[in-house]
Amino acid sequence: MPRDNKTSLIQKIARQASLTFTDLSQSNIGDNKDLITLLTEVRAADLKIAPRKPNGSKSNHKPPVTYMHICETQSFSMGVFLLDSGATIPLHDHPGMNGMLKVLYGKVRIRCFDKLGKSPDQAESQTQFVPPLQPFQKDSIWRAVLRATVWYSEDSGPCLLTPQRENLHQIDAVEGPAAFLDILAPPYDPEDGRDCHYYKVLQTVPDAVRKAEQQEEESWLLEIPQPDDFWCGGEPYPGPKVSF
Ligand SMILES: [Fe+2]
C-alpha cells in the first residue's frame with residue numbers, strides 16, 4: 001500500500017530522480033542518498049504489482065521479459081522489468097548513462113562488467129594472448145573485467161551503474177519469477193549515441209597474461225546482435241500515475 005495518501009512513493013521517486021538527473025554534473029549517483037533511500041523502500045505493492053507465479057508451460061510466443069513503462073523525461077526514464085522464472089536479460093550496455101535498479105519481488109543475480117579497452121589490435125597493453133576470432137569479429141571485441149556478481153532481493157538496496165563503472169550487466173532471475181524497477185539517466189536514445197548493445201563473454205583471460213596487480217577476472221567480450229531467445233514485450237503499468 002502507498003505509505004502516504006497524498007503523494008505516492010513512486011511519485012516521490014520520480015520527483016527525486018528528476019532533481020538528481022536534471023543536473024547531471026551531480027554524476028556520482030552513489031552519493032544521492034535521498035533517491036537511494038526512497039528506492040530502498042519501494043516494494044511491488046507500492047506499484048500495485050502482484051508477484052507472478054512461475055510460468056510452468058513455456059511458450060515460444062510469450063516474451064521471457066516484459067516492460068511496464070512508467071515515465072520518461074529528457075533526463076531519465078523509469079519502468080519495471082518483469083522476468084519469468086529462469087529468464088535472463090543478456091549482457092548489455094548503457095552508453096554514457098547512469099542506472100539504478102531496485103528489485104520489487106523475487107531474486108536476481110547481476111553480473112557487472114567494465115570495458116577496459118577496444119579490440120586486441122587497439123589495446124594499449126599488448127599481450128600475446130588473443131582469443132581465436134573470425135576476421136569480421138575483430139572490431140567487435142572488448143577486453144573487460146568482471147566487477148561483481150551480486151544477488152538482490154526486495155530487501156536489498158538498489159544496484160547502481162554509471163557511465164564509467166559497472167556499465168555492462170547481465171541480469172538473471174533466480175529461484176522463480178522476479179521484477180525490478182529500473183531508472184536510466186539519461187534514457188536510451190540511439191539518435192544521441194545511446195543505443196543498447198549486447199555482448200557475449202568469449203572467454204576469460206588466462207592468469208598467465210593478466211597483469212600481475214589485476215585481481216579481478218578479465219574477459220573478452222564480443223559484441224553480438226540481440227540474442228534470438230531474448231525479447232521484451234510490453235504491458236500496462238497498473239500503479240499510481242506519475243506527473244511533474
Ligand atoms: Fe540494463
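Which strands each supply at least two residues of the lining of the second largest cavity? The points below take up this question together with the other features of the predicted model.

1. Second largest cavity. The strands in question are β4 (98-117), β6 (159-161) and β7, each of which supplies at least two residues of the lining. The residues that line this cavity are G99, M100, L101, C159, L161, H169, D182 and L184. Its volume is about 30 Å³. By class, the lining comprises five nonpolar residues, two polar residues and one charged residue. The number of cavities of 30 Å³ or more comes to two.

2. Largest pocket: volume and centre. The largest pocket has a computed volume of about 470 Å³. Its lining consists of 22 residues. Those that lie nearest the centre of the pocket are Y67, F81, L184, Y188 and C232. L184 also belongs to the lining of the second largest cavity.

3. Largest pocket: contributing strands. At least two lining residues come from each of β1 (65-72), β2 (77-83), β3 (88-92), β7 (168-185) and β10 (232-234). Of the contributors to this lining, β7 gives the most, with six residues. Strand β7 likewise supplies at least two residues of the lining of the second largest cavity.

4. A division by class gives 13 nonpolar, seven polar and two charged residues for the lining of the largest pocket.

5. Helix pair: geometry. Two packed helices are described by the angle between their axes and the distance between the axes. For helix α1 (residues 9-22) and helix α2 (residues 33-41), the axes come within 9 Å and cross at roughly 155 degrees. Because angles over 145 degrees count as roughly antiparallel, α1 is roughly antiparallel to α2. The crossing of these two helices is left-handed.

6. Helix pair: contacts. On the α1 side, the residues that meet α2 are L9, K12, I13, Q16, A17, T20 and F21. Their counterparts in α2 are D34, L35, L38, L39 and E41. By class, this contact of α1 with α2 has seven nonpolar, two polar and three charged residues.

7. Cis peptide bond. The peptide bond that runs from A185 to P186 is cis, and its omega is near -10 degrees. P186 is placed in the loop between β7 and β8 (198-204). A185 is the residue at which β7 (168-185) ends.

8. Positive phi values. K48, in the loop between α2 and β1, has a phi near 55 degrees, which is a positive value. E175 has a phi near 60 degrees, also positive. The place of E175 is in strand β7, whereas K48 lies in a loop.

How values were computed. Residues are numbered from 1 along each chain as its sequence is written. This is a predicted model: local features need pLDDT of at least 70, side-chain atom pairs count only at pLDDT 80 or more; totals for chains, interfaces and linings use all residues. Side-chain values use heavy atoms; hydrogens and water are left out. On a 1 Å grid over the protein atoms alone, a cavity is a set of points where a 1.4 Å probe fits but cannot get out, and a pocket is an open set with protein on both sides within 12 Å along at least five of seven lines; lining residues have an atom within 4 Å of a point. Grid points are joined across faces, edges and corners, and a volume is the space filled by probe spheres set on the points. Helices (H or I, at least four residues) and strands (E, at least two) are DSSP runs, numbered from the N terminus. Ala, Val, Leu, Ile, Met, Phe, Trp, Tyr, Cys and Pro count as nonpolar, Asp, Glu, Lys and Arg as charged, and the others, Gly among them, as polar. Axes are lines fitted to C-alpha atoms, for helices over the stretch in contact, and angles run from 0 to 180 degrees between N-to-C directions. Angles under 35 degrees count as roughly parallel, over 145 as roughly antiparallel, 65 to 115 as roughly perpendicular and the rest as oblique. A crossing is left-handed if the near helix is turned anticlockwise from the far one by less than a right angle, and right-handed if clockwise. Contact means heavy atoms within 4.5 Å.
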